[in-house]
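Here is a friendly walk through one protein model. Have the sequence and the coordinates open as you read.

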Amino acid sequence: MKIVLASSNRNKYREMKEAFGPIGVELIYGGDTDVSIEVDETGDSYEENALLKARAWSEALGMAALADDSGLEVHALGGAPGVHSARAVPGSDADRTMWLLSQMEGAEDRRARFVSCIAVVFPDKEPPLVYRGICSGTIASNPRGSGGFGYDPIFIPDGYNATFAELGNQIKTKISHRAMAIKGIAEMLIPVLQYYAVRTMEKSRFVQGQ
Ligand code: IMP
């Protein structure tokens, strides 16, 4: 089965392609298709935003589409920046990281979690699939490390003494919120793939029998 990744982020594509190959899904890179879709992320939740993106791409291409939406939730900030993580303040990733640290000045409660939601939308009437992955940790007092992106230099996942930016991609891709969501949605896809395989077989038998 072919599924288009509703994103032009090649890093996300590489990370996901490897997870879906073994279950028989050919993930197509959104940036390689001849459509260019900009979706306003107007939803109040990661789930809504992931579904908005997947629906737009599925409708435009007439095929199954997969999208993700993620963010960082900080306990002492009541869950902010959450769904607004990418646009919490204008500027660069480093600006947003410094903004977040300034919001947390003096806060003893450093608990935080990364959340990632992945949605798959099908071109027929099949109900969409949604899975939420979580990675819990704490916010460091200063940015550390040079790997990754976004808030990686200030996020220390539980069980480690280093930030995501210090740990590097090899560890991050095993334990991150996105890794959890990819694993979860891949497991949800297995019975759906079996259903489509049976349906395709029945259709071809019907055509042959005519
Ligand atoms: P997106 O929905 O995956 O584009 O992520 C939205 C925003 O959440 C990003 O722009 C980052 O600020 C933040 N974010 C999501 N995942 C990560 C991560 O793995 N590391 C650091 N920041 C992240």
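## Cysteines

How many disulfides does the structure hold? The count is 0, where a disulfide is a pair of cysteine sulfur atoms within 2.5 Å. C117 is in no disulfide, and the nearest cysteine sulfur, that of C135, is 14 Å away. Likewise, C135 is in no disulfide, with the sulfur of C117 as its nearest cysteine sulfur.

What about accessibility? C117 is buried, at a relative accessible area of 0%. C135 counts as buried too, at 6% relative accessibility. Here buried means under 20% relative accessible area, exposed over 50%, and partly exposed in between, using a 1.4 Å probe and protein chains only.

## About the model

This is a predicted model, in which local features need pLDDT of at least 70 and side-chain atom pairs count only at pLDDT 80 or more, while totals for chains, interfaces and linings use all residues. Residues are numbered from 1 along each chain as its sequence is written, and side-chain values use heavy atoms, leaving out hydrogens and water.

## Overall layout

The protein has 6 helices and 6 strands, and from the N terminus on its elements run β-α-β-α-β-α-β-β-β-α-α-α. These elements are DSSP runs numbered from the N terminus: helices are H or I with at least four residues, strands E with at least two.

Along its principal axes, the C-alpha trace spans about 75 × 30 × 30 Å. Of the 210 residues, 42% are buried. Among contacts (heavy atoms within 4.5 Å) with a separation of 6 or more, 58% come from residues 24 or more positions apart.

## Helices α1 and α6

Helix α1 (residues 10-20) packs against helix α6 (residues 177-209) at an angle of about 40°, with the axes 10 Å apart. The axes are lines fitted to C-alpha atoms over the stretch in contact, and angles run from 0 to 180 degrees between N-to-C directions. The two helices are therefore oblique to each other; angles under 35 degrees count as roughly parallel, over 145 as roughly antiparallel, 65 to 115 as roughly perpendicular and the rest as oblique.

On the α1 side, K12, E15, M16, A19 and F20 meet R178, I182, I185, A186 and L189 of α6. By class, this contact has 7 nonpolar, no polar and 3 charged residues, with Ala, Val, Leu, Ile, Met, Phe, Trp, Tyr, Cys and Pro as nonpolar, Asp, Glu, Lys and Arg as charged, and the others, Gly among them, as polar.

## The loop residue N161

N161 is found in the loop between β6 (155-157) and α4 (164-167). N161 is exposed, at 76% relative accessible area. Leaving aside neighbours within four places in sequence, N161 is in contact with R144 and I156.
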